[in-house]
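Welcome, and please take a look at the structure below. The report that follows walks through it part by part.

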Amino acid sequence: MKNFGFGLMRLPTTDPQNAGAIDVEQVKKMVDLFIEKGFTYFDTAWMYCGFQSEPTVKEVLTSRYPRDKFTLASKLHNGFFNSLEDRDAVFNEQLKKTGVEYFDYYMLHGIEAGSYPKYEQFDCFSWLKDKKEKGLVKTAGISFHATAELLDEILTKYPFIEFVQLQINYLDWDSQWIQSKKCYDVAVKHGKWVTVMEPVKGGTLAKVPSEVEDLFKAHDPSLSPASWAIRFAASLPGVKMVLSGMSSLAQMEDNLSFMEDFKPLTEEEKAMVFKAGDIINSQIAVPCTGCSYCTEGCPQKIAIPQYFSLYNEDMREHLEEKGWTVNFSNYANLTKKFGAAKDCVECGQCQEMCPQHLPIIEKLKEVSAHFDR
């Protein structure tokens, strides 16, 4: 199996304002080209594309190709079950909607600190293991959005998990929030293979600053910015599959041009993409160093450096195209323990303590306008 998968979360649409208005005919052409080039892995989920991704799988793939021509992954998300019976109701409906009798790969979806207790409460790990034992799931995994520490805990407790789907890209590699490298290292330590999601960070690394684009073109003008991001993820040992959420036939043609005959990055090229990451990361909204001097004595116990870090990450995103990032969940989880940005009483002590002389009060207002919706 080739190491490149079709992520069915950002499919082309006939209406840019409606993710569920899928351009089925264009997707058929994309599927046909994908399979023609020898690729077989398709990744969907219950809520993707306004809940229309799984039905579209049946229309463009499973009703048009024999079962041995593709492998299909889907997921159980914590937002759509509230009883033991709900788990099977969702799973059985997914089989029906996608038109298959079993899933080649199946995951507990989007595990993070806030959702993990629910998966535990409803015994979803044992449930997934049972599905595998019955042959309804061929390979069991988890899709993960939390700390390396929590991942280590889960893989230790549930050794039957065979793979982990992680957000990995060169921009998030050392991120204190995404923890790409740390989570990757944990998966490798446990002997689990990795599927990569967001290798292009939702399009962020396809639309890089001109300085980064010039850096890439100087090395090889024939390759797109997205190619460097995808090849970075695919070059990591232990990565079995890299997903790309392609939303046009042109994007697929570009991706297949360098993944059909995949060549791992050289050491020189790895250094180059990390340099690109440094350039992008330098273009931040709040130049906070995370010293935390500002938090000592804050009457509202606001996690100022953490909020600035999340805000900086989002300001590098193309939010007009995405609308939501995982940082909204990270922010919400922090506010359960700390004061929210909107709770600032403008006492000013933080600004007095800041060695960077940042206008913290004004920046917290920006953070609040972004996250406190």
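## A covered helix

The buried residues of helix α10 are covered by elements that include β1, β7 (193-197), α9 (210-219), β8 (239-244), α11 (249-259) and α12. Contact here means heavy atoms within 4.5 Å. Buried means under 20% relative accessible area, exposed means over 50%, and partly exposed lies in between, with a 1.4 Å probe and protein chains only. Among the buried residues of α10 are Trp 228, Arg 231 and Phe 232.

A word on the model: it is predicted, local features need pLDDT of at least 70, side-chain atom pairs count only at pLDDT 80 or more, and totals for chains, interfaces and linings use all residues. Residues are numbered from 1 along each chain as its sequence is written, and side-chain values use heavy atoms, with hydrogens and water left out. Helices (H or I, at least four residues) and strands (E, at least two) are DSSP runs, numbered from the N terminus.

## The barrel

Eight strands form a closed barrel in the order β1-β2-β3-β4-β5-β6-β7-β8, with parallel pairing. Two strands pair if DSSP finds at least two bridges between them. From one strand to the next, the twist averages 25 degrees. Axes are lines fitted to C-alpha atoms, for helices over the stretch in contact, and angles run from 0 to 180 degrees between N-to-C directions.

Strand β2 (residues 41-43) runs parallel to strand β3 (residues 71-77), and three bridges join them; Tyr 41 stands opposite Thr 71 in β3. Helix α1 (residues 24-36) packs on the sheet, where it touches β1 (4-7) and β2, and its direction makes about 170 degrees with that of β1. Next, β3 pairs with β4 in the parallel sense over five bridges, and the partner of Ser 74 in β4 is Tyr 106.

## Two buried strands

How many residues of β4 are buried? Nine of its nine are, which leaves this strand mostly covered. Strand β4 (residues 103-111) pairs with β5 in the parallel sense over six bridges, one of them linking Tyr 105 to Thr 139 in β5.

Strand β5 (residues 137-144) is largely enclosed by the rest of the structure, because seven of its eight residues are buried. Four bridges join β5 to strand β6 (residues 163-167), and the two run parallel. Here Phe 144 stands opposite Leu 166 in β6.

## Two helix pairs

Helix α7 (residues 148-157) and helix α8 (residues 180-189) pack at an angle of about 20 degrees, with their axes 8 Å apart. That makes α7 roughly parallel to α8. Angles under 35 degrees count as roughly parallel, over 145 as roughly antiparallel, 65 to 115 as roughly perpendicular and the rest as oblique. Their crossing is right-handed; a crossing has this hand if the near helix is turned clockwise from the far one by less than a right angle, and is left-handed if anticlockwise. In the contact, Ala 148, Leu 151, Asp 152 and Leu 155 of α7 meet Lys 182, Cys 183, Val 186, Ala 187 and Lys 189 of α8. These residues divide into six nonpolar, no polar and three charged. Ala, Val, Leu, Ile, Met, Phe, Trp, Tyr, Cys and Pro count as nonpolar, Asp, Glu, Lys and Arg as charged, and the others, Gly among them, as polar.

Helix α13 (residues 304-315) packs with helix α17 (residues 360-371) at an angle of about 60 degrees, their axes 10 Å apart, and the two are therefore oblique to each other. The crossing of α13 and α17 is left-handed. Residues in this contact include Tyr 307, Phe 308 and Tyr 311 of α13, and Leu 364, Val 367 and Phe 371 of α17.

## Residues to look up

Cys 49 has phi near 50 degrees, a positive value in a residue other than glycine. Cys 49 sits in helix α2 (residues 48-51) and counts as buried at 6% relative accessibility. Glu 346 also has a positive phi, of about 60 degrees, although it is not a glycine. Glu 346 lies in the loop between α15 (326-335) and α16 (349-353), and its 44% relative accessibility makes it partly exposed.

Is Glu 296 buried or exposed? At 58% relative accessibility, Glu 296 counts as exposed. Glu 296 belongs to the loop between α12 (267-282) and α13.
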